[in-house]
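Here is a short note for a colleague who is new to this structure. Please read it with the model open.

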Amino acid sequence: MMDSIQSAMRDFMNSEQFEERFAQAQTRIFNNERVKAFLSSHPELSEDVITQDVMKLYEYKKEWENCDQCPGLSQCPNLMQGYQPELYVERGRIYTRYNPCFLKVEDNEFKRRKHLIKSYYIPNEILNATFSDLHIDTEDEERSKIAQQALEFAHEALPGEDGSGLYIHGSFGVGKTFIAGAVANVLAERGVKTIMMYAPDFFREMKQAIAEGTVQEKLEEVQQAEVLIMDDIGAETMSGWIRDDVLGVILQQRMMEKLPTIYTSNFDYDELENHMAYSHKGGEERVKAQRIMERIRPFTSPLYLTGKNRRHN
Ligand code: ADP
Ligand code: MG
């Protein structure tokens, strides 16, 4: 900041019509409404002090003029991007401090929230979903009831004390993942650490993790998430290992720690159980599938989402 004050001074000094330009600049400064307001709230400031600190008034005026023409946070031309100057008086001199503007405050909040949602293979569109977007379709009573229940969960979930979650099911493209994303954002507003994963890709990644020796750490992260969102469960190719040693282990731990899990699926409970009973090696493994379902069914409220396919492709 000193640099720019000095270079502004140099501009004045180098000018041949220094006196004249200085006088003009001063007039502009002292005619500025914001500067006038500041000075009139500090009648104790002597002319000497005002002259000595005139560059602070100049910066103050200039930066607020930048804000008047705000080009957006990323283009902010102020000395400190996203900050606005405030003048104050201490021991008879004028000083400047900087406060974040509302865009900067919003951006910080956005980043803080994003930090609370960790995602695996979830598109940005979903990570930015909000319930106010959902309200667009309140004309459909069934759908808005489902959205309402999901919103209630998001506001009331108590990880560690109550492990009950949601099982959002329905056909392709009706907005299950979208609702889950909106839940994740409300949870983040409450400071709840959430992991949202696209189940087929996550399970695929787990298979690769065997070779890298990172199965355990990946499992632990997902086991311990305050809220876990498993998007599109049932869309994966289920192997015995994934079912019993990945999914089963995750759900067992979450059940014991009373951590809620949200599922989205094209399958209802029975269809998911069937899907898990057939590992691709062939042969039916009913009992093992039932064991998984015992970790899902009693710990979720089923939300059946209807409506039209909203995908454009
Ligand atoms: P599903 O998970 O049920 O297959 P998605 O949640 O992926 O469906 O939704 C399909 C598409 O419709 C996505 O592009 C999503 O962003 C959009 N969408 C879903 N619900 C809404 C909504 N309430 N408002 C706006 N767009 C939505
Ligand atoms: Mg989906």
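**Notes on pockets, sheets and cysteines**

1. Start with the second largest pocket. Helix H9 (141–156), strand S4 (165–169) and strand S8 (300–304) each supply at least two residues of its lining. H9 gives the most, with three residues. Helices (H or I, at least four residues) and strands (E, at least two) are DSSP runs, numbered from the N terminus.

2. A word on the basis. This is a predicted model, in which local features need pLDDT of at least 70, side-chain atom pairs count only at pLDDT 80 or more, and totals for chains, interfaces and linings use all residues. Residues are numbered from 1 along each chain as its sequence is written, chains are lettered from A and ligands numbered from 1 in the order in which they are written, and side-chain values use heavy atoms, with hydrogens and water left out.

3. The second largest pocket holds about 160 Å³ of space. Its lining includes Gln149, Phe153 and Glu156, along with Asp162, Pro260 and Ser301. By class, the lining has six nonpolar, four polar and two charged residues. Here Ala, Val, Leu, Ile, Met, Phe, Trp, Tyr, Cys and Pro count as nonpolar, Asp, Glu, Lys and Arg as charged, and the others, Gly among them, as polar.

4. On a 1 Å grid over the protein atoms alone, a cavity is a set of points where a 1.4 Å probe fits but cannot get out; a pocket is an open set with protein on both sides within 12 Å along at least five of seven lines; lining residues have an atom within 4 Å of a point. Grid points are joined across faces, edges and corners, and a volume is the space filled by probe spheres set on the points.

5. Now the cavities. There are three of 30 Å³ or more. The largest cavity contains about 80 Å³ of space. Helix H13 (240–256) and strand S7 (261–265) each supply at least two residues of its lining. H13 has the largest share, three residues. Among the lining residues are Leu251, Arg254, Met255, Tyr263 and Arg295. They belong to a lining of six nonpolar, three polar and two charged residues.

6. An open sheet of six strands runs in the order S3-S5-S6-S7-S4-S8, with parallel pairing. Two strands pair if DSSP finds at least two bridges between them. Strand S3 (117–120) and S8 are the edge strands, each pairing on one side only. Neighbouring strands of this sheet are turned by 15° against each other on average, direction ignored. S3 and strand S5 (residues 194–198) run parallel, joined by four bridges. Tyr120 has Met197 in S5 as its bridge partner.

7. Look also at the hairpin. Strand S1 (residues 83–90) and strand S2 (residues 93–100) pair in the antiparallel sense over eight bridges. Tyr88 stands opposite Tyr95 in S2. Two residues lie between the strands, and Arg91 takes a positive phi near 45° there.

8. How many disulfides are there? The count is zero, a disulfide being a pair of cysteine sulfur atoms within 2.5 Å. For Cys70, the nearest cysteine sulfur is that of Cys101, 6.4 Å away. Cys70 is partly exposed, with a relative accessible area of 45%. Cys101 counts as buried, at 12% relative accessibility. Buried means under 20% relative accessible area, exposed over 50%, partly exposed in between (1.4 Å probe, protein chains only).

Methods. Axes fitted to C-alpha atoms, helices over the stretch in contact; angles between N-to-C directions.
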